[in-house]
Each structure stands twice: as structure tokens, then as C-alpha cells.
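I opened my notebook to look up a few things in this structure. Here is what I went through, entry by entry.

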There are 2 protein chains.
Amino acid sequence: MDAMAEITIQQVAQAAGVSPSTVSNLLNGRAHRMLPATRHRVEKAIERLGYRPNRAARQLRTGRTQTIGLVVPSVGNPFWGAFARHLESAALAEGYHVLLCNSERNPERERHYIDELWSDGIRGVVLCSSLPSLDHVRPLIERGLQLVTFDRAAQAADPESLVSISVDNVVGMHLATTHLIGLGHRRLAFVSGALGSVNRKDRYRGFVDALELAGLPADSAAVWSGASAEWFGDVEAAELGREAARELLSGDRPPTGIVAVNDMCALGVCRGIRDVGLRVAHDVSVVGFDDIVLADLYDPPLTTVRQPSPQLATSAFAELKARVENPGTTPGRSLLVRPELVVRESTAPPPSHP
Amino acid sequence: MDAMAEITIQQVAQAAGVSPSTVSNLLNGRAHRMLPATRHRVEKAIERLGYRPNRAARQLRTGRTQTIGLVVPSVGNPFWGAFARHLESAALAEGYHVLLCNSERNPERERHYIDELWSDGIRGVVLCSSLPSLDHVRPLIERGLQLVTFDRAAQAADPESLVSISVDNVVGMHLATTHLIGLGHRRLAFVSGALGSVNRKDRYRGFVDALELAGLPADSAAVWSGASAEWFGDVEAAELGREAARELLSGDRPPTGIVAVNDMCALGVCRGIRDVGLRVAHDVSVVGFDDIVLADLYDPPLTTVRQPSPQLATSAFAELKARVENPGTTPGRSLLVRPELVVRESTAPPPSHP
DNA sequence: GTGAAAGCGCTAACAC
DNA sequence: GTGTTAGCGCTTTCAC
């Protein structure tokens with residue numbers, strides 16, 4: 001069963017007794033230019049032959065493609081999985097396709113992806129990078145690459161055409177931390193992978209700000225940030241949280257409240273808490289970030305900061321599409337959505353002193 | 001900042017003082033045909049100009065593309081997210097890209113995707129469909145589309161060139177059910193979305209087989225399979241499980257053991273169990289399927305049937321690549337991996353009678 | 001209202 | 001060893 005030769009626009013034209021241009025006109029929304037009868041003949045021929053236009057040829061000719069790139073840390077992390085899903089749905093609705101790239105938070109891999117996407121003729125990508133610097137993509141941006149960064153607040157040194165869409169990570173973590181403080185916690189810990197990314201730094205800042213605002217000495221809080229490794233995969237976040245909790249809770253002055261950089265990490269923390277024979281909420285409170293589907297399913301249901309990922313994904317696609325289809329017309333901008341704290345049952349007042 | 005004109009192979013050739021063919025030869029692993037000096041000049045020119053070959057042109061010319069399609073129910077489900085991640089990694093390692101499609105278990109959407117992928121010139125796709133019939137893609141398979149189905153055991157009526165890769169769902173659920181029975185459970189329930197897919201049917205069969213083998217009347221078991229809806233999204237699985245648990249446990253003769261069609265569903269079931277004031281394991285045991293990362297993180301850690309998704313994804317890609325690069329050479333085949341039961345803490349003997 | 005023709009950037013014979 | 005050349009399938013002026 002060998003690959004058969006493809007049907008071309010030529011063959012359709014011939015079958016319909018018209019020229020290729022006429023078929024092309026029909027295909028490209030210029031049906032009004034022809035007689036209804038002609039149009040009908042062509043439609044029939046297309047149908048009969050099962051003709052599908054060759055996109056490579058079209059792209060070569062027009063320089064346009066209906067594909068965008070999506071670079072996420074890892075779709076293995078349910079948060080990114082959900083984001084990818086919603087982005088792809090938004091794209092599908094407008095006839096776009098999405099090429100998936102998992103950077104695993106590896107800057108080199110990210111760079112490589114962007115290059116490859118460019119070679120593919122892709123001129124729009126949603127980058128969930130959160131690398132502090134975008135210098136590695138600047139050359140391509142200057143050549144016309146449209147970039148929407150997600151979950152990475154705009155930085156002063158960013159290319160000016162850049163669009164940033166993100167939840168306000170500082171505010172989010174502020175909310176989370178303040179919630180814990182309000183509950184009476186005084187010994188807090190912040191658990192994260194390496195603080196190399198913009199978003200992690202922002203979340204950390206929200207944590208520290210809240211501490212200061214409450215008059216708590218900054219050094220009253222433990223910070224556990226993934227020890228040695230340069231960068232951490234998003235799937236390993238849970239393992240990291242688990243390890244962090246075990247370590248923090250067996251030290252002296254163990255925290256009564258733990259703020260985790262994201263939900264996967266928080267779930268790992270919860271697991272670690274049980275590992276050392278303690279109970280979440282009852283003994284130590286945990287707050288996450290993202291509000292993945294599993295946060296609500298967990299036992300106890302996780303208190304967390306919600307990222308409205310369907311809306312965020314929809315906005316990201318809309319921005320990107322507008323720019324790809326109409327390059328150089330709108331300046332860069334930044335959308336910072338205020339996140340919402342979802343209080344569930346992983347947080348409670350600290351245990352009273354014995 | 002307008003899109004600049006792209007650098008072409010012509011310009012590189014000119015800059016290096018050679019012909020385009022020489023550049024092309026270098027690009028396509030035929031460097032040995034030229035003098036080291038020539039080669040060096042060309043490499044320099046490529047570097048200096050920042051030349052990236054235009055893939056659309058290459059694809060148009062050769063008819064080949066280094067992109068494969070991936071159709072999953074939804075990357076929002078952590079199992080599919082992890083699978084997608086591993087497949088993409090395997091692809092990347094061989095210089096392939098992957099186009100992501102979320103079918104949401106909607107047959108029409110799936111059909112549409114396959115058509116689009118074909119138009120994109122993609123000749124290999126990993127289909128995680130589990131629709132009983134593949135008739136909707138048969139025309140394309142006959143034209144040369146290479147298909148690897150995942151998580152869908154081969155069916156008699158399948159196109160003969162088809163490759164199927166799957167865990168043995170019947171055996172898997174048999175293992176899970178037998179485990180529950182061995183623990184002493186006699187009133188079991190099976191919770192699933194609509195049983196429309198091959199994989200769900202297989203899992204159900206494993207459940208029933210185990211029941212029969214143990215001499216338990218089939219009608220001693222409750223089956224809860226997503227009531228009305230035609231098809232269920234994979235993200236809604238959790239919600240469905242939750243609802244199922246609530247309903248099953250408030251009926252008369254509530255089950256003491258629940259077998260869920262997958263982990264997301266199982267996690268929902270656990271949540272539902274708590275909703276009605278019961279405790280997982282202590283009051284009702286739960287087994288899942290997939291072994292997503294969260295299964296181990298959950299409280300209690302979920303007993304489940306493991307799908308080795310990294311290996312499965314790697315095999316799927318390898319099979320597909322071999323066929324795409326060498327079509328029509330190997331006949332269809334079917335790989336059925338025996339899954340493993342991972343006993344954790346969501347299962348325990350049934351509560352003794354009051 | 002319809003068609004002829006040029007060419008997008010690349011590869012692969014085939015000359016030299 | 002290197003260059004010349006002929007398209008891959010499509011869109012889009014520009015004639016008619």
C-alpha cells in the first residue's frame with residue numbers, strides 16, 4: 001500500500017474544466033468573482049477528488065502559516081497541560097495549529113526550539129519561559145518573530161514589541177502569605193525550585209513583602225529553593241516539595257506554614273508532611289499556586305492562588321493572532337491579571353503551643 | 001520593526017562564492033563531496049548570515065516533513081500530558097516536531113484533525129483515539145498515512161498496516177479487581193465515562209472477568225458509566241468519579257470497593273467518598289488506572305495499575321518514525337504491554353460488619 | 001469572469 | 001568537486 005500521488009489544484013481545475021486560478025480563487029474566499037455555475041462545478045470536483053490543498057506550497061508562496069508555537073516547561077505538569085489544552089482550543093477555533101515544545105526549563109533547549117520554529121516558518125509563539133533575559137530570541141524578534149510571553153511579567157530590558165500575559169505573581173503570593181499570617185502563623189517557609197525565573201522571583205517577592213508588611217523579620221522565614229540544580233523540571237516539582245518538607249520539618253524551629261511556589265510543589269509538600277508523621281492543616285498549613293484541577297480533589301483540598309488559565313490562554317492566543325496577522329502595527333504591552341486566593345482546607349490556625 | 005526578508009540558500013551561496021547545490025549538499029549530509037576549504041567557506045557564510053533553511057520549501061520539494069501529529073483526548077489530563085511530554089522528547093531527539101491535537105474524545109473533531117494534519121503534509125500520526133472503528137481515517141491510510149494508535153488494542157476490522165501500542169487493559173483491570181477481591185471485597189463497583197471506547201470496554205471486561213473468575217455474580221457489581229453524555233472529556237473524569245461515588249454510596253447495598261477507569265476518575269471517587277463522610281481505604285477501597293504522578297502524592301496514596309508511559313511513548317515514536325521514513329515496508333503489528341499493579345494505601349480489607 | 005504565467009526556496013538529477 | 005537546471009503546488013498580478 002504505497003503512498004499515492006497527491007491530488008493537486010491542477011487536477012481539480014482540469015476536472016472542473018477551469019483554470020487553476022479559478023480553483024484558487026474559490027479556495028481563498030473569492031467565490032464572488034465567478035459565476036454560480038462555475039463555482040458549483042469546482043466545488044463538485046474538489047469533493048469528488050477529495051482534494052486537500054498542500055499547505056507547504058501555500059506557505060512557500062504566501063509566506064504565511066497557520067501554525068503557532070507553544071513553548072512550555074512541561075505538559076507533564078497539569079497546570080501546563082491545562083494551559084496547552086486551552087490554547088490549542090482557542091487556536092483550533094480560528095483555524096490555527098499548535099506545535100508543542102517542552103523546554104524542561106532548559107534555556108538551551110528553549111533557544112533551540114525557537115530557532116526550529118522559525119525555520120518552520122512560524123512567526124508567532126507563546127513562550128512560557130520566565131527566563132529573566134530574552135536576549136536569546138532578540139535576533140529573531142528583530143526579524144519579525146511575534147512573541148507572547150506567558151507567566152513572566154514584562155522586564156525593563158525586554159524587546160519593545162513584546163506582549164506579556166501573566167497573573168500578578170507578587171500579589172498572588174502576597175495574598176497567600178497574608179492568609180497564613182492572618183491565621184496566626186509566624187514561622188513560615190517558602191519552597192521553590194531554583195529562583196532563576198522571573199515568575200519564581202516575583203512569587204518570592206510577594207512572600208517577603210507580606211512578611212515585612214506584617215512586621216515579621218525576613219529571617220524568621222526559611223527559604224528552600226532547590227539546592228544545587230541549575231533548573232528544575234516542572235514534574236520534579238512534587239519530588240522537590242516532598243524533600244523540602246521533610247527537611248524543614250525535622251530541623252529546629254520547623255515552620256507551621258509553608259508557601260509553595262506552585263501546586264505540584266505544594267502537593268509534594270503535603271506528602272512530605274505526612275512522611276514525617278504530621279498532618280496537613282492540623283499541624284502545618286500549606287498554600288499552593290495555580291489551582292490545578294487536582295487542588296480541589298486533594299485531601300485536604302488545597303488552599304491556593306488561582307490562575308484563570310482558560311481566559312489567560314484565550315487572551316494569549318488572541319494577542320498573538322492579531323500580531324501575526326498584522327505585524328508591526330501594535331506596540332508591546334503587558335497584561336497582568338490579578339489572581340484570586342482560593343481558601344480550602346489545607347490551611348488552618350497553627351497548632352497551639354503544648 | 002517589520003519582518004525582514006529571509007536569507008535564502010542563494011544568498012549563502014553567493015556569499016560563499018559557490019552554487020546553491022553546494023550549500024544544499026552541505027546541508028543534507030553530503031559534505032564529503034566537497035573540498036574542506038569549500039566546506040569551510042560555506043559554513044562560515046551560513047553562520048555569518050544566520051541562515052536557516054526554509055522548511056516549507058524543503059517540504060514542498062521533497063514531500064517529506066519532520067513533523068508528526070499527536071491526537072490525544074486532552075493534555076489537560078495528567079496522564080496524557082505526561083505521554084505527550086515523553087513523545088515530544090523522543091521526537092525531538094530525532095529532529096522531529098509534534099503538532100498537538102486535543103480531540104476531547106469528540107469523533108468529529110478527531111476526524112477534522114486528521115484531515116488537517118494530512119493537509120499539513122504530515123504522514124505520521126500517533127492517535128490516542130480508542131474509537132472502536134477507524135473507518136474515518138481509512139481513506140487517508142490508503143493514501144499513505146502512517147498511524148500508530150495508542151491505548152487502543154488492535155481490532156479485527158482495523159486497516160492492516162496499523163500499529164497498535166497499548167497496555168493490556170483487560171489484564172490490568174483484572175489485576176486491580178482481583179486485588180480488591182483478594183482483600184475480601186464482595187460488593188464492587190466499576191466507575192467510568194461512557195463505555196464507547198475500546199480501552200474502556202477492555203477495562204470493563206477485565207473487571208467482569210475477574211468477578212466471574214472469583215465466582216461472584218456479575219450483577220453483584222454496580223456499573224456507573226456516565227449516564228447520558230455521548231462522550232466524556234478526560235478532565236471531567238474527576239467530576240464524574242465524584243458524582244458516581246456520591247450516588248453509589250448513598251444507594252442501598254453500597255460497594256465497599258470501587259474500580260475506576262483511570263486515575264483522574266479514581267481521585268474524583270476518593271473526593272466523593274469524603275463528601276459523603278466516609279474514609280477512603282478504611283470504609284471504601286479505590287483502585288485507579290494509569291499511575292499518574294499524583295497517584296503517589298495523594299492521601300491516601302492511590303493503588304493503581306501502572307502504564308509505563310515513557311517507554312510506551314518511546315516505542316510509539318520509534319514505530320512511527322520507522323514507517324514514515326520507510327513506508328509500506330513493514331506490516332501492521334500490535335504491541336500489548338503487560339501492566340503492573342501498584343499497591344498503595346487506597347485499598348484495604350472491607351470494614352467488618354457492624 | 002476567467003486564464004496565463006511567474007516565482008516562493010529548496011533539492012537532486014545530470015552536466016561539466 | 002561544483003554548477004546548471006527543472007520543477008514541487010500554490011497564489012497572484014495582469015491580460016483578455
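**Entry 1, a strand inside.** I looked up strand β2 (residues 97–102) of chain A, and six of its six residues are buried, so it is largely enclosed by the rest of the structure. By "buried" I mean that 20 or more other C-beta atoms, placed from the backbone, lie within 10 Å of the residue's own. Strands here are DSSP runs of E with at least two residues, helices are runs of H or I with at least four, and both are numbered from the N terminus.

I noted that this is a predicted model, where local features need pLDDT of at least 70 and side-chain atom pairs count only at pLDDT 80 or more, while totals for chains, interfaces and linings use all residues. Residues are numbered from 1 along each chain as its sequence is written, and chains are lettered from A and ligands numbered from 1 in the order in which they are written.

**Entry 2, two faces.** In a regular strand the side chains alternate between the two faces of the sheet. I found H97(A), L99(A) and C101(A) pointing one way from β2(A), with V98(A), L100(A) and N102(A) pointing the other way.

Which strand of chain A runs parallel to β2(A)? I found strand β1 (residues 67–72) of chain A, joined to β2(A) by six bridges; strands pair if DSSP finds at least two bridges between them. Opposite N102(A) stands V72(A). From β1(A) the chain passes through helix α5 (residues 78–93) of chain A to β2(A), a right-handed β-α-β crossover. Right-handed means that, with the strands pointing away from the viewer, the path from the first strand over the helix to the second runs clockwise.

L99(A) has L99(B) as its bridge partner, and V98(A) has L100(B).

I then looked at the contacts, which link 53 residues of chain B with 53 residues of chain A (C-beta atoms, placed from the backbone, within 7 Å). On the chain B side, α5(B) gives the most, with seven residues.

**Entry 5, the DNA.** I checked DNA strand C and found 26 residues around it, with S19(A), M34(A), I9(B), N54(B) and A57(B) the closest. A residue is near the strand if its C-beta atom, placed from the backbone, lies within 6 Å of it. Which element gives the largest share of this surface? That is α4(B), with five residues.

Technical notes: A residue is buried if 20 or more other C-beta atoms lie within 10 Å of its own, exposed if 12 or fewer, and partly exposed in between; C-beta atoms are placed from the backbone. Two residues are in contact if their C-beta atoms, placed from the backbone, lie within 7 Å.
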